[in-house]
Amino acid sequence: MSGPLVLGIESSCDETSVGIVRGTELLANQTASSVELHARFGGVVPEVASRAHLEAMIPTLERALADAGIDLGEVDAISVTAGPGLMGSLVVGLSAAKALASVLNKPLYGLNHLVGHVAVDICEHGLFPRPTLALLVSGGHTQLLLVNDITSDIAEVGTTIDDAAGEAYDKVARLLGLPYPGGPVIDRIAAGGDPRAIAFPRGLTARHDLEKHRFDYSFSGLKTAVARYVERAERDQQTISVTDVAASFQEAVADVLTRKAVDAAQHFGSGTIVLGGGVAANLRLRGLMTERTQAAGIELRRPSPGLCTDNGAMIAVLGAQVITAGYGPSSLDISADPGMPVTKVMA
Ligand code: KG4
Ligand code: ZN
């Protein structure tokens, strides 16, 4: 297999990760997470995350190089997450990438984290058909994207009007007294609950909402409904089944995510849906998406769960795509962009 040898660095939130690819072939993906340091605060503490990135960066880089069996001098380019994310976290990865690029005299590519979440699928399932509809579900974003070209032509066709899906998982977990991050815990315990036990609301699916928000999402009403349910049980001194609440909440999330993704794919003429972002690791979402895409005759591309949550491989894969498409490097003085829009692939 050929193509550029790219080293990708990701540090936008609480994972320090380095991935290495040759073209579309994944050679290494090493991640150090600071998640346990944040768990007792119930969310990521930016200052703590920045310091953890600083400590983990060089050991993670060394592990990735050893895993790929290459020397730093062999890489053709350095790619790095330029945004969106936490400013103090992004800056650590970006500084490391700039230092490597200038010492090694290699080109630097500052890339979009969200686009990386979608692009990572290429190393497992090949290049995307045009157009491909992407369902991007992470801790900070929930979007439907029409991808015509992963390096240059991405349109947002739907988004959440309030909370992101991952955020809803994290908030509901906290309501239920479960640890942070909520997604993986709810995913695990929901398997033992009844998804039909409680009829939680499906945001923006009523007829009048569909007129204006056919491809948009809303999860704040769902989160409030879970809170009310728990409060009512406490007031009435009734014990709740945490597994039933988790399963019913998860069903409501997976139901709207999949329903609107399939509708959008059909509407925009895409025969393929690709999943991306941390919530795409969710078992029920993956299962229901499989059922509904099969019924609609749509091809579903699901990256392995380990490539759904934040990782360096996605930044390396996207870097190789951008280079192969012929784009020149970023300037060495680019800044981190905490609010980088998904339509901007490169800084
Ligand atoms: O993409 P990601 O790793 O980081 C961001 O870019 O935000 O996504 C993190 C989010 C968190 O909200 C976490 O609770 C959620 O993804 N998550 C999951 C699962 N694994 C991670 N949500 C549901 N089921 C999972 N298995
Ligand atoms: Zn992410």
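This is a predicted model: local features need pLDDT of at least 70, side-chain atom pairs count only at pLDDT 80 or more; totals for chains, interfaces and linings use all residues.
Which residue of β8 stands opposite D149? Residues are numbered from 1 along each chain as its sequence is written, chains are lettered from A and ligands numbered from 1 in the order in which they are written, and side-chain values use heavy atoms, with hydrogens and water left out.

Figure 1. Strand β7 (residues 142-149) pairs with strand β8 (residues 153-159) in the antiparallel sense, over 6 bridges. Strands (E, at least two residues) and helices (H or I, at least four) are DSSP runs, numbered from the N terminus, and two strands pair if DSSP finds at least two bridges between them. The hairpin passes from β7 to β8 through 3 residues. D153 of β8 is the residue that stands opposite D149.

**Figure 2. The two domains and their contact.** The domain assignment, which is automatic or taken from a database, divides the chain into domain 1 (5-120 + 311-324) and domain 2 (130-305). To the contact (heavy atoms within 4.5 Å), domain 1 brings 17 residues and domain 2 brings 18 residues. The centres of the two domains, taken over C-alpha atoms, are separated by 27 Å. Domain 1 and domain 2 bury about 1,200 Å² between them, with 78% of it on carbon and sulfur atoms; buried area is the accessible area (1.4 Å probe) that two parts lose on being put together, summed over both.

**Figure 3. The side of domain 1 that touches domain 2.** Helix α4 gives the most, with 5 residues. By class, this side of domain 1 has 12 nonpolar, 4 polar and 1 charged residues, where Ala, Val, Leu, Ile, Met, Phe, Trp, Tyr, Cys and Pro count as nonpolar, Asp, Glu, Lys and Arg as charged, and the others, Gly among them, as polar.

**Figure 4. The salt bridge of R202 and D255.** The whole structure holds 14 salt bridges. In one of them R202 pairs with D255, and the closest N and O atoms are 2.9 Å apart. Because R202 lies in the loop between α7 (182-190) and α8 (207-213) and D255 in helix α10 (residues 242-267), the pair ties together parts that are 53 residues apart in sequence.

**Figure 5. Backbone features in loops.** G83 and P84 are joined by a cis peptide bond with omega of about -10°; P84 is found in the loop between β4 (77-83) and α3 (87-104). A cis peptide bond also joins Y180 and P181, with omega of about -10°, and P181 lies in the loop between α6 (165-175) and α7. N105, although not a glycine, has a positive phi of about 60°. The loop that holds N105 runs between α3 and β5 (108-112).

How values were computed: A salt bridge is a side-chain nitrogen of Lys or Arg within 4 Å of a carboxyl oxygen of Asp or Glu.
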